[in-house]
Number of protein chains: 2
Amino acid sequence: MGKGSIGITILGSGVIGGGVATVLLQQRKLLAERTGIDLELLHVAELDREKHTVKGAPYCTDAGVAIDDPRTRIVVELIGGTGAAGQLIERALRLGKHVVTANKSLLALRGPELFALAREHHACVGFEASCAGGIPLINSLISGLVANRIEALVGIVNGTCNFILTQMTRHGLSYAVALEEARKAGFAEADPTLDVSGRDAAQKLAILASLAFDARAAESDIFVRGIDSLDATDLKFAGELGYVVKLLAIAQREGKDRVSLRVHPTLVHADDQLAQVGGSFNAVSIYGNSVGHVLFYGRGAGRTPTASAVVSDIVQIALGVTPLAFKQMNLLPRDVKMKVLPFEDLQSRYYLRLTAKDEPGVLAQVTKVLGMHRISLSAVLQREANASQFVPVVITTHQAREGDVQKALVEIDKIKSLRPPAVCLRIIDPPKEFGGS
Amino acid sequence: MGKGSIGITILGSGVIGGGVATVLLQQRKLLAERTGIDLELLHVAELDREKHTVKGAPYCTDAGVAIDDPRTRIVVELIGGTGAAGQLIERALRLGKHVVTANKSLLALRGPELFALAREHHACVGFEASCAGGIPLINSLISGLVANRIEALVGIVNGTCNFILTQMTRHGLSYAVALEEARKAGFAEADPTLDVSGRDAAQKLAILASLAFDARAAESDIFVRGIDSLDATDLKFAGELGYVVKLLAIAQREGKDRVSLRVHPTLVHADDQLAQVGGSFNAVSIYGNSVGHVLFYGRGAGRTPTASAVVSDIVQIALGVTPLAFKQMNLLPRDVKMKVLPFEDLQSRYYLRLTAKDEPGVLAQVTKVLGMHRISLSAVLQREANASQFVPVVITTHQAREGDVQKALVEIDKIKSLRPPAVCLRIIDPPKEFGGS
């Protein structure tokens, strides 16, 4: 592409679609000055007429007609979901039109296939907004860090969960009350399952890991635990031990050619920058063999931050930059499958909380079981008994194998003086800088 | 450019030049896989034969011959300084060869002119490594945040100063001792003047502000104070008041069309992320009207982090991406001068430390002078007298005008019961998110 005018069609006029339309209309002059290109908003296709709310936006109800309009060069899909959105993207790509999307579910499910389709038709897909909202993370991974062998990627990529965990940590709220707060603040949907189950984070991790490790990762490759079963007690104990609990998405190189992929509540050292990320913000740490540790922080969702990323994609396509890079870089490759470390082979440190009868010998029984499974203790926190018959015993371990820990927990839950089940969370130590060179 | 082989010449084989040569040689296969392009290192031009230390690098001593080699398509200038480096870059650009440089001094001095020369000869300049080392900051400003009207840019962009300040803050060292520690750790040069005077940060700010505000800013537009006259006492008092002292480079939109530009030691709230950036790391906060607050963190200097940025530039040029964007975006414009707010018109909060005789009425005299200059107090910290006759009095103010504060200080320094000069530092409050939309 290049100088001149570029026709744009937006599909969907929800929160994000409306935000993108607003930015395109309001910043048209600024963007033309910066890029020499006039971004002309041709159509905003939206079935629901009640959502035709952006003043001056050229609304229509037929997405197909808008896509097929020969003046449409870029189709911006902001419908969401894996149904109609996927069909409309296919339609656009088959016509050789470029696509911009924020649809992480669709990319996690069908990314490699859609990217191949795009390449086949000399089109490209911009997807900066699919992960970490307004943070220019994907562009940084693809271009700014291209010289690096990535060793690890560790991130807070779901703002809803981070908001809930921040409320629980700072104000001692229960999960249920914190979720209600998130709803009131507009950070949680009526049905928050996709967020709190960790699935949303896993979909983003599938995309980010594919880019970082030059291979295809699927959502199903990822071990996922959400925050919905977290007990505020464990956040409190974590704090006493010098940690903060965050829902982290982690992809890490393991040995020569494997990658571990996981999303779960994680104990992060209180002085780690990720521990200090509050509210609905996102942050992603990347460790490259040349660059060392870099971190990106910003708003991972919301109308205008997401619009910022979408419009950036539109501009890069209009400049001709993304089509060139997309053509030559085999992003989300269809044929290179990531070699994922089986989760039971993961090495990690662990936080365990047991509920024990206040009687002698319990800890000895527990440490015996742990020792038999090659798990050694790093710290133990045991309070004097209160009125209740049971007391919490918190244990942190040195590095151990996940499979061994799970086996040990089965046996521990059988110990008579304990009230099962034991709580098990994972602890992350910051990946080493320059570990891979 | 595109698929095939691209010839590269590196000028200078110092720390960074050697690092880039190493990355190009070691990652040649990985980069070819990722981009479909073979990056062929043709020449490393270095006069000093003792620096011909990278195994397998094609060394030569004549930079001119290396540039003129018709196979050389990209010239990587890593000599530094504003002399020979500038002449060699000109020579390359006049031949239509693309240039990659990490030379902030040269860009702050002659950037607009060299960029115009590049455009004239259908070449481009990659300069990601000129600011904040390995952090993909410039690329993010130019592309990822392109949809934003930038409201403010606040950064720690000099790792030497941040290392020294971190040592002073955490271990209570004097400036002189902390500087010595920085030298021993390899973070300060034999002559650290460029760093500790704030000039290096100012040169980077000139480049970053030019990009953020679409106008030409020169180093001479920037108010600059270094860290070399800082007293550990003030870092201690700042800590007691809930602040950390950092050398910040700040560019902020002021009203409709002005920008304030400054580099000085600054009191940052302890819970601000910039306060928590330790050691030689860099971090830059950017506030955009659409994206809100984003922050980039990483190593701002060093052999391999800088090489990461340089090689990223090489790849983007080889892909043809940077030439396209450079052609269409008028980066570092020659003809649009930034409207810089006169420094005396700056509104800020202030930290003042006075050294007072322990006798009644002193504080009353000081507050009277401040009041006459429309400066109101926010907090006062006064200790009981110790053995010495003099006691420190620390004052923080509400928002006041810089010119008024300077006038007040002249009068305060004349008060008989005070030992001049008063110490004056500036306090930053986090810029408001979404302030400009």
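1. Start with chain B. Helix α12 (residues 303–318) of chain B packs on helix α13 (residues 321–328) of chain B at an angle of about 85 degrees, their axes 4 Å apart. That makes α12(B) roughly perpendicular to α13(B). Here angles of 65 to 115 degrees count as roughly perpendicular, under 35 as roughly parallel, over 145 as roughly antiparallel and the rest as oblique. Axes are lines fitted to C-alpha atoms, for helices over the stretch in contact, and angles run from 0 to 180 degrees between N-to-C directions. Helices (H or I, at least four residues) and strands (E, at least two) are DSSP runs, numbered from the N terminus.

2. A word on the model. This is a predicted model, in which local features need pLDDT of at least 70 and side-chain atom pairs count only at pLDDT 80 or more, while totals for chains, interfaces and linings use all residues. Residues are numbered from 1 along each chain as its sequence is written, and chains are lettered from A and ligands numbered from 1 in the order in which they are written.

3. The chain A–chain B contact. Chain A gives 52 residues and chain B gives 51 residues. Contact requires C-beta atoms, placed from the backbone, within 7 Å. On the side of chain A that touches chain B, the elements giving two or more residues are α2 (28–35), α6 (137–144), β12 (292–299), α12 (303–318) and α13 (321–328) of chain A. That side divides into 23 nonpolar, 24 polar and five charged residues. Nonpolar covers Ala, Val, Leu, Ile, Met, Phe, Trp, Tyr, Cys and Pro; charged covers Asp, Glu, Lys and Arg; the others, Gly among them, are polar.

4. Strand pairing between the chains. β12(A) pairs in the antiparallel sense with strand β12 (residues 292–299) of chain B, over three bridges. Two strands pair if DSSP finds at least two bridges between them. A:Leu295 has B:Tyr297 in β12(B) as its bridge partner.

5. The open sheet of chain A. Six strands pair in parallel, in the order β3-β2-β1-β4-β5-β6. β3 (59–60) and β6 (125–126) of chain A are the edge strands, each pairing on one side only. Strand β1 (residues 4–11) and strand β2 (residues 37–45) of chain A run parallel, joined by eight bridges. Within β2(A), A:Glu40 is the bridge partner of A:Gly7.

6. Helix α10 (residues 199–212) of chain A. This helix has 14 residues and spans 20 Å from first C-alpha to last, close to the 20 Å expected at 1.5 Å a residue. Because 13 of its 14 residues are buried, α10(A) is largely enclosed by the rest of the structure. Buried means 20 or more other C-beta atoms within 10 Å of a residue's own, exposed 12 or fewer, and partly exposed in between, with C-beta atoms placed from the backbone. A:Asp214 follows α10(A) and has a positive phi, near 55 degrees.

7. Strand β7 (residues 150–156) of chain B. Seven of its seven residues are buried. β7(B) pairs antiparallel with strand β11 (residues 281–288) of chain B over six bridges, and B:Ala152 has B:Tyr287 as bridge partner there. β7(B) also pairs antiparallel with strand β9 (residues 243–254) of chain B, over four bridges. In β9(B), B:Ala249 is the bridge partner of B:Gly155.

8. B:Tyr351. This residue lies in strand β13 (residues 347–357) of chain B. B:Tyr351 counts as buried, with 25 C-beta neighbours inside 10 Å. Leaving aside neighbours within four places in sequence, B:Tyr351 is in contact with B:Ala238, B:Leu267, B:Thr396, B:Leu425 and B:Ile427.

Technical notes: Contact = placed C-beta atoms within 7 Å. Expected span 1.5 Å × (residues − 1).
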